[in-house]
Amino acid sequence: MIYLDNSATTKPYKEVLDTFVTVSERYFANPSSLHSKGSEAEKLLGQARKSIAQLLEVAPSEVVFTSGGTEGNNIAIKGIAFQHQNRGKHLITSSVEHASSHESFQYLESQGFEITYLPVDHDGLISLEDLERSIRQDTILVSLIHVNNETGTIQPIQEIGKILKEHPKIFFHVDNVQGVGKVDLPLKECGIDLCTISAHKFHGLKGNGILFVKNGVSLSSLFTGGEQELKKRAGTENVAGIVAMAKALRLILQESKEKRENLFEIKQFLIEELRTIDGIDINTPISSAPHIINFSVKGIKPEVLIHSLDKRDVYVSTRSACSSRQGGASRILLEMGLGENRASTAIRLSTTYGNTLKEAELSLKILKEELINIKKVMR
Ligand SMILES: Cc1ncc(COP(=O)(O)O)c(C=O)c1O
């Protein structure tokens with residue numbers, strides 16, 4: 001199997017699965033229960049919070065456990081909007097956010113908030129001048145994706161943070177679901193107030209995530225009925241998944257220190273080879289995340305190519321897993337001005353540290369063969 005769909009999800013590390021099983025067996029009590037078993041689970045939860053905080057270089061009180069990226073983005077965006085609406089109802093985001101942010105903003109628009117969707121250039125980048133120009137007296141939130149899940153475009157978060165330092169009343173939320181372990185993001189240095197992270201994108205388990213909420217930032221809570229997670233996210237914590245996520249975070253950060261160059265090498269190889277194939281356009285900008293390669297294949301429906309590769313045991317995707325079943329053109333590629341044809345024929349390859357150059361070579365060989373087969377059938 002050659003699995004090149006790591007931006008949709010990653011295979012959990014063996015150590016993560018072992019941790020999950022051990023904790024589920026030994027510490028299954030509810031961490032909010034008053035008896036000693038509950039206290040043991042609570043203690044373990046506290047230790048996981050501390051290790052995650054250390055790895056992210058933040059305080060333990062700034063780590064809120066969630067069910068993943070979609071929830072984190074919803075809590076951050078709607079939570080800030082509803083809590084601080086008396087100060088202003090203007091919010092700024094980009095036109096290339098993940099659906100979980102994009103649709104949160106659309107919902108807020110229906111609730112009387114005013115949203116500026118910053119446009120992007122051909123590389124998928126917002127302009128800092130546009131951002132500065134769109135800031136108003138009543139702006140309360142800027143929310144942006146760090147690494148784009150379809151193209152690997154990296155928004156200049158540090159520079160944006162610098163601009164927002166001049167506007168201390170505006171909260172800054174970053175969706176870093178695709179960046180963890182692949183593109184560094186020092187939360188404090190970048191002036192970030194809230195940051196969304198999801199465990200299954202770095203070999204943790206699905207259904208676990210982190211929302212970094214800077215100390216002092218108040219949020220209206222989306223869920224009611226429990227006092228967990230500093231009242232920011234009601235609901236019994238998934239202790240085993242959280243402890244396993246702490247392990248995954250430690251392991252991915254270690255791998256990223258040792259092997260990030262490998263990812264760049266594989267990406268470079270794939271892009272150079274793809275460029276030589278007739279009818280292929282590369283959509284990923286030159287300077288981008290090391291693990292995402294997006295390209296369009298003229299005249300071939302992505303579903304057809306995905307299924308032919310699948311039969312050869314190579315797994316790729318069209319765009320984000322959440323919107324891949326919708327079909328049609330990619331909203332992100334359209335916003336980049338790449339046109340309907342390119343936007344509706346896009347394929348995404350996404351790697352991680354387990355992938356090798358040999359796999360990349362083999363998958364390209366198979367891709368070339370399958371393109372010939374598909375074209376033969378189409379004739
Ligand atoms: C950039 C980005 N944000 C948010 C999400 C949603 O994360 P989750 O699958 O954990 O809900 C994804 C998932 O693909 C993503 O790529």
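Colour the two domains first. The domain assignment gives domain 1 as 2–8 plus 258–378, and domain 2 as 14–251. This is a predicted model. Taken over C-alpha atoms, the domain centres lie 28 Å apart.

Next, show the interface. Select the contacting residues: 27 from domain 1 meet 27 from domain 2. About 2,300 Å² is buried between the two domains, and carbon and sulfur atoms give 50% of that area.

Now turn to polar links. Between the domains there are 17 residue pairs in polar contact, both residues at pLDDT 80 or more. Stay on the domain 1 face and select α7 (239–275), β10 (292–297) and α9 (331–335). Each supplies at least two residues of the side that touches domain 2. The largest share, 4 residues, comes from α9. Colour this side by residue class: 12 are nonpolar, 10 polar and 5 charged.

Which count of salt bridges links domain 1 and domain 2? The count is 1. Now select D184 and R260. They form a salt bridge, with the closest N and O atoms 2.8 Å apart.

Last stop: G88. Find G88 in the loop between α3 (69–83) and β3 (90–94). Is G88 buried or exposed? Its relative accessibility is 6%, so G88 counts as buried, the cut-off being under 20%. Show D138 and I140 too: G88 touches both, leaving aside residues up to four places away in sequence. Finally, draw a distance from G88 to A8. These residues are 80 apart along the chain, and their C-alpha atoms are separated by 35 Å.

Terms used
Residues are numbered from 1 along each chain as its sequence is written. This is a predicted model: local features need pLDDT of at least 70, side-chain atom pairs count only at pLDDT 80 or more; totals for chains, interfaces and linings use all residues. Side-chain values use heavy atoms; hydrogens and water are left out. Buried means under 20% relative accessible area, exposed over 50%, partly exposed in between (1.4 Å probe, protein chains only). Contact means heavy atoms within 4.5 Å. Domain bounds come from an automatic or database domain assignment. Buried area is the accessible area (1.4 Å probe) that two parts lose on being put together, summed over both. A salt bridge is a side-chain nitrogen of Lys or Arg within 4 Å of a carboxyl oxygen of Asp or Glu. A polar contact is a pair of N or O atoms within 3.5 Å; within protein, one must be able to donate a hydrogen and the other to accept it, and residues adjacent in sequence count only if both atoms are side-chain atoms. Ala, Val, Leu, Ile, Met, Phe, Trp, Tyr, Cys and Pro count as nonpolar, Asp, Glu, Lys and Arg as charged, and the others, Gly among them, as polar.
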